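Please read the sequence and the structure side by side.

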There are 2 protein chains.
Amino acid sequence: MLSKSLILVQNQDEGLPESTTFRIDINEVNIDNLKNSLLPNQLLVQLLVASADPYLRGQIKSTGSFKAGQVMQCFVAGKVLHSTHNDWIEGDLFGANLPVTSIQVISPQSTGMLWKLTSYLDEEHISQGVGVLGMPGSTAYAGIEGILRPNQNETIFISAASGAVGGLSGMIAKHKYNCKVIGSAGGEEKCALVTSAFKYDHCINYKNANNADELTAMLKEVAPEGIDMYFENVGGMHFEAAMRTLRVKGRVAVCGQIAEYNKKEITYTPVNIMGMIYTQQRIEGFLCFDWLVGKKGKFLEEMSGWLKEGLLHVQESHYEGLEKWPEAFHDLFTGKNLGKVVVHI
Amino acid sequence: MLSKSLILVQNQDEGLPESTTFRIDINEVNIDNLKNSLLPNQLLVQLLVASADPYLRGQIKSTGSFKAGQVMQCFVAGKVLHSTHNDWIEGDLFGANLPVTSIQVISPQSTGMLWKLTSYLDEEHISQGVGVLGMPGSTAYAGIEGILRPNQNETIFISAASGAVGGLSGMIAKHKYNCKVIGSAGGEEKCALVTSAFKYDHCINYKNANNADELTAMLKEVAPEGIDMYFENVGGMHFEAAMRTLRVKGRVAVCGQIAEYNKKEITYTPVNIMGMIYTQQRIEGFLCFDWLVGKKGKFLEEMSGWLKEGLLHVQESHYEGLEKWPEAFHDLFTGKNLGKVVVHI
């Protein structure tokens with residue numbers, strides 16, 4: 001059987017990710033040999049899908065965690081080919097954060113980042129293991145449930161609303177808390193998706209705003225009373241417009257800042273810290289890990305439940321073949337995709 | 001009997017508070033007439049002490065809540081001279097946020113900002129009603145218990161450590177959570193008080209730092225592993241130094257920014273928002289009110305308990321006569337005082 005790996009050829013400090021930054025290595029592996037040589041408590045697994053996520057942009061800079069020549073590590077979903085571990089059997093489906101090598105042996109307890117999907121989806125829907133039931137889903141869940149903690153009927157603003165995290169965040173806020181949900185996205189087509197399929201109340205086409213002042217005016221037009229929460233995925237003028245519109249006891253969940261990722265230098269955003277006192281406002285960064293693996297909250301149970309009830313619209317953009325991963329990753333930063341970007345290995 | 005009032009003569013937008021900004025009015029009042037004319041559920045009260053607090057600096061700007069000619073409103077403590085309210089009797093001691101008129105009639109349910117001190121202190125210690133058992137005490141308590149929520153043995157940095165709020169915050173963090181407590185104060189005398197009387201582990205004399213880089217270096221010298229929490233009372237280079245030293249899962253409680261209060265323009269502090277994501281850091285502004293009046297936490301019970309156990313060092317600077325209030329207020333911004341500034345009316 002052929003095993004494919006995604007390799008980082010060289011670090012790239014700025015600009016859009018280039019195709020020469022990555023390559024695919026292909027190796028012949030003998031499955032029977034691998035099965036027979038498993039140590040106790042190990043799994044032989046096959047990755048079926050790999051995720052292309054904006055946060056990886058920082059990791060491939062020379063200051064990031066990946067070095068040239070290394071196998072890229074990212075969120076994946078796959079199935080167990082053979083198991084010597086009590087908790088897993090052949091055919092089990094899982095999500096994980098792993099080096100992108102399609103056939104590999106792992107020790108699940110040593111990764112700490114493996115979650116079982118068998119009871120939540122079938123192989124046909126394995127792409128959801130890197131989407132609604134994977135990192136983006138748990139990020140949306142953590143941001144809403146853990147950080148923003150909405151009260152019923154509050155107003156929330158979500159940037160990158162047509163993206164994997166943004167879309168799901170708004171759906172949770174709408175269905176569970178009946179929030180007034182305002183998104184922003186780049187272009188009329190994306191905005192139409194956000195309001196029609198994701199059921200947002202409003203979506204701002206930020207491409208019509210030249211600066212923070214104009215974006216603030218557009219936001220205030222649909223939220224004249226201000227916003228109670230901001231789910232930050234973009235940075236730059238989005239963050240500024242949100243802070244200027246944030247009400248008393250307002251919360252900001254800082255999930256990502258895609259507008260900043262391709263820059264080499266750190267961006268310092270001017271914040272009126274003193275203005276946060278009387279308003280009792282909060283800005284909080286967060287990661288999804290604890291929620292994803294069930295240390296906090298009930299992500300898989302709740303999210304898969306909402307999915308079955310039809311409350312969540314699954315939006316995915318598919319790329320066929322691991323060879324397409326660099327293209328999929330590049331497209332994240334040009335706004336070409338809708339929803340979750342999934343690469344079928 | 002004479003009743004004194006503290007009047008705002010004119011708004012002052014910038015600079016140190018001037019003596020011409022305020023005046024004291026004195027009126028003759030007939031206590032017996034006032035007692036006899038009380039409506040149901042009212043109190044005739046005498047204010048005994050008034051607090052001079054930095055936050056008032058913003059209120060006397062033309063953008064603030066006080067208008068020229070108006071009686072200043074601030075935190076006070078006093079006693080009940082006569083009551084027609086079931087919850088109060090003659091001789092009861094209280095803390096409150098009230099217009100500074102020494103003899104006045106109030107309806108306690110309409111103020112919402114009156115708390116009974118009778119069982120926690122006697123008249124001799126009424127100054128504590130605007131200090132450790134008043135707004136500054138509840139602010140320290142809210143910042144530590146409500147916002148920073150220390151784990152045992154964490155490291156906390158507290159600016160304005162010799163001030164009313166800073167001093168108490170450090171004592172709570174030390175006694176209840178065994179934190180490593182690092183303060184900053186202006187001058188060796190203040191630093192000596194902070195370490196000897198308040199039992200801080202370290203105190204940085206920030207006057208030896210010319211900029212955020214130097215203050216950061218001084219902070220890192222005593223906290224080489226970084227800080228877990230920052231109690232913000234100052235702003236400017238203190239905030240920057242704290243953010244640069246803040247560890248993973250670090251929290252910042254924004255209580256005040258005294259370095260900014262005398263400025264007319266809003267200060268925007270550059271913050272690396274993206275850097276808060278992977279570190280899961282939080283910046284949160286807060287007010288003490290809910291804690292002060294018992295809606296959240298058990299401020300009066302816990303704080304008075306620690307006081308009786310001798311765990312809190314009470315540091316107060318006293319001024320005799322309401323006529324001294326403008327001087328006391330001015331001195332807040334020149335760093336002349338240690339601990340809580342109390343004006344005896």
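**The interface and a helix pair**

Between chain A and chain B there are two salt bridges, a salt bridge being a side-chain nitrogen of Lys or Arg within 4 Å of a carboxyl oxygen of Asp or Glu. In one salt bridge the side chains of A:Glu284 and B:Arg282 meet, at 4.0 Å from N to O. This is a predicted model, in which local features need pLDDT of at least 70 and side-chain atom pairs count only at pLDDT 80 or more, while totals for chains, interfaces and linings use all residues. Residues are numbered from 1 along each chain as its sequence is written, and side-chain values use heavy atoms, with hydrogens and water left out.

The contact takes 31 residues from chain A and 31 residues from chain B, where contact means heavy atoms within 4.5 Å. Chain A and chain B bury about 2,600 Å² between them, 64% of it on carbon and sulfur atoms; buried area is the accessible area (1.4 Å probe) that two parts lose on being put together, summed over both.

Elsewhere in chain A, the axes of helix α5 (residues 164-177) and helix α11 (residues 299-308) come within 12 Å and cross at roughly 80°. Therefore α5(A) is roughly perpendicular to α11(A), a term for angles of 65 to 115 degrees. Axes are lines fitted to C-alpha atoms, for helices over the stretch in contact, with angles from 0 to 180 degrees between N-to-C directions; helices are DSSP runs (H or I, at least four residues). From α5(A), A:Leu168, A:Ile172 and A:Lys176 meet A:Glu302, A:Met303 and A:Trp306 of α11(A).

Terms used
Chains are lettered from A and ligands numbered from 1 in the order in which they are written. Helices (H or I, at least four residues) and strands (E, at least two) are DSSP runs, numbered from the N terminus. Angles under 35 degrees count as roughly parallel, over 145 as roughly antiparallel, 65 to 115 as roughly perpendicular and the rest as oblique.
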